[in-house]
Amino acid sequence: DVQRTLVEIWEEYLGMEPVGVEDDFLELGGHSLLASQIVMRMRKAFGVDIPVSMLFDRFCIADLAPDIEELLLDELETKA
């Protein structure tokens, strides 16, 4: 589940639990350096290229997850 994986990553890098799917990345203390680290971890977890800007365009997991799911589907279609 994409949302669950994102929650785990955010909790790990933000150093807090629980992180809710509606929690705002910036309000949780997120910043550009942390965003770069989180996006690198997300790329590793999902195996797709995720732009750092996506994290700043979608401030919460609930908004970010559908975009990642779309990237995953695009990747599957490309391989098919």
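**The core and its helices**

Modeller: Of the 23 residues in the largest nonpolar core, Leu-6, Trp-10, Met-42 and Ile-68 touch the most other members. Such a core is a set of buried Ala, Val, Leu, Ile, Met, Phe, Trp, Tyr and Cys residues joined through side-chain atoms within 4.5 Å, with buried meaning under 20% relative accessible area (1.4 Å probe, protein chains only). It's a predicted model: local features need pLDDT of at least 70, side-chain atom pairs count only at pLDDT 80 or more, and totals for chains, interfaces and linings use all residues. Residues are numbered from 1 along each chain as its sequence is written, and side-chain values use heavy atoms, leaving out hydrogens and water.

Biologist: Which elements give two or more residues to this core?

Modeller: Helices here are DSSP runs of H or I, at least four residues, numbered from the N terminus. Those that give two or more residues to this core are α1, α2 (32-46), α3 (52-57) and α4.

Biologist: Which residues does Leu-6 touch, not counting those up to four places away in sequence?

Modeller: Contact means heavy atoms within 4.5 Å. With residues up to four places away left out, Leu-6 touches Met-42, Phe-46, Ile-61, Leu-64, Ala-65 and Ile-68.

Biologist: At what angle do α1 and α4 pack?

Modeller: Axes are lines fitted to C-alpha atoms, for helices over the stretch in contact, and angles run from 0 to 180 degrees between N-to-C directions. The axes of α1 (residues 2-14) and α4 (residues 61-79) are 9 Å apart, and the angle is about 120°.

Methods
Buried < 20%, exposed > 50% of the residue type's maximum accessible area, 1.4 Å probe, protein only.
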